[in-house]
Amino acid sequence: MQTSPRARPKSRWIDPFAPEHIRRLVADFGSPLLIIDCARVRAQYRSLARALPGVDLHYALKPLPHAAVVETIREEGGFFDLATTGEVQLVSRLGIDPARCIHTHPIKRDIDIRNALQAGVRVFVADNVDELEKFIPYRGEAQLLLRVSFRAPGAVCDLSRKFGCDPEALLELARHARRLGLVLRGLSFHVGSQAPNPLKHLEAIETCDKLLKQARRERLGPFDTLDIGGGFPIGYGERAPDMRRFCAPLRAALAQLPRRVRVIAEPGRYIAGPSAIGVASVMGRAEREGHWWYYLDDGLYGSYSGQLYDHARYPVEVLREGEERLPSVLAGPTCDSIDVIAENLMLPRLRPGDLVVGRSMGAYTWASASEFNFFPRATVVAANRHAGDGGGV
Ligand SMILES: *Cc1c(COP(=O)(O)O)cnc(C)c1O
């Protein structure tokens, strides 16, 4: 135990989403910003770990591929889900143990496979014969999960249209892999992001349980891993789903699996989404047809890109008090007419330099932002980086 005051952390834990800290961070780092709170990353990770005890959580880097998030997950004892050479390089640079990583892109070039193998990653995903054959030169090193598709027309992003093998065709694919001498570790699926309820996960777990048993009966490989993917939902403005409750049927289904099956998951949005906010500044304003238009330094081509690609709506608020509310429009900075963040808002009268905050903006926002019109992407700042030494940026 440390008693010396000098050994105590220099800075205390802060809430970087509180207005006074937002203002300070913009004063220090400029605008626009994406503020990541590693304390919230940690809380989201722990909440999902509690909801899915015994399941190894591989943070999927895609929604927010940032070192601060990766390092926070490592401190929590988590694992990683990589899909590209760029993501492999990010975790390698941070010294992440490659044994804690899997590569889950179902379609890869030979160079992608080689880069991942060279970094020490061993587990890959395939969903068709062509992809299996790419692993023939590496059959001594690589192990595979076969990705199964479960269509989810209800999901905001149905990932089973683009990837995955029909459950009916899975065993034939596994037999082919066996003939090629490949090592099959198990099955994976992704029911689609922001799942509205746990029913798809449940159906997929039950079907995969049967397929794993059949594959083992036929001695097609170890088949000792089930990867239940991502899709765990968050709240955007409306109340966040209770993850323990959401996962209750999944816990029950997973408890029925044979003991030797290792279960892993690939949460992305659930970890990253609530853990960051976007902060933009008013560049200028104009009154047009009875509405105040505010032009911000971030928009649909920047951090708000998720409103297009991810079909999300981020709750926005302004850091200005004022009794009088006027019909207002928040627009992005570019010269394109679709670059409008929100319309028909009732806002106090804003001035250039005023700050606009978007909540739940960690996932699929900054990651898919462009520099269209040469407006730079938001600067990322991370607060509360290390659990031990408290807050600060
Ligand atoms: C995008 C993706 C994830 C993360 O999905 P979320 O819905 O954000 O949790 C996980 N696994 C794979 C293979 C993905 O493509």
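Two strands pair if DSSP finds at least two bridges between them. Strands (E, at least two residues) are DSSP runs numbered from the N terminus.

**Entry 1. Basis.** I worked on a predicted model, in which local features need pLDDT of at least 70, side-chain atom pairs count only at pLDDT 80 or more, and totals for chains, interfaces and linings use all residues. Residues are numbered from 1 along each chain as its sequence is written, and side-chain values use heavy atoms, with hydrogens and water left out.

**Entry 2. Strands S4 and S5.** I looked up S4 (residues 101–103) and found that two bridges join this strand to S5, the two running parallel. Histidine 103 has phenylalanine 124 of S5 as its bridge partner. I then examined the side chains of S5 (residues 123–126): Val123 and Val125 point one way, Phe124 and Ala126 point the other way, and all are buried. Buried here means under 20% relative accessible area, against over 50% for exposed and partly exposed in between (1.4 Å probe, protein chains only). In a regular strand the side chains alternate between the two faces of the sheet.

**Entry 3. Strands S6, S7 and S8.** I traced S6 (residues 143–147) and S7 (residues 183–188), which pair in the parallel sense over five bridges. Leucine 145 stands opposite glycine 186 in S7. S7 also pairs in the parallel sense with S8 (residues 225–227), over three bridges. On that side, glycine 186 stands opposite threonine 225 in S8.

**Entry 4. Serine 328.** I located serine 328 in strand S13 (residues 326–331). Serine 328 counts as buried because its relative accessibility is 0%. Leaving aside neighbours within four places in sequence, I listed its contacts as His291, Trp292, Tyr294, Ala342, Glu343, Asn344, Leu345 and Leu347; contact means heavy atoms within 4.5 Å.

**Entry 5. The ligand.** I found 14 residues around the ligand, of which Lys62, Ser193, Glu266, Arg269 and Tyr364 come nearest; a residue is near if one of its heavy atoms lies within 4 Å. The shell divides into three nonpolar, six polar and five charged residues. I recorded polar contacts, that is, pairs of N or O atoms within 3.5 Å. A side-chain N or O atom of serine 193 is 2.4 Å from an oxygen atom of the ligand. Backbone N or O atoms also lie by ligand oxygen atoms, at 2.9 Å for glycine 268 and at 2.8 Å for arginine 269. Taken alone the ligand exposes 390 Å², of which the protein buries 92%; these areas come from the Shrake-Rupley method with a 1.4 Å probe.

Technical notes: Helices (H or I, at least four residues) and strands (E, at least two) are DSSP runs, numbered from the N terminus. A polar contact is a pair of N or O atoms within 3.5 Å; within protein, one must be able to donate a hydrogen and the other to accept it, and residues adjacent in sequence count only if both atoms are side-chain atoms. Ala, Val, Leu, Ile, Met, Phe, Trp, Tyr, Cys and Pro count as nonpolar, Asp, Glu, Lys and Arg as charged, and the others, Gly among them, as polar.
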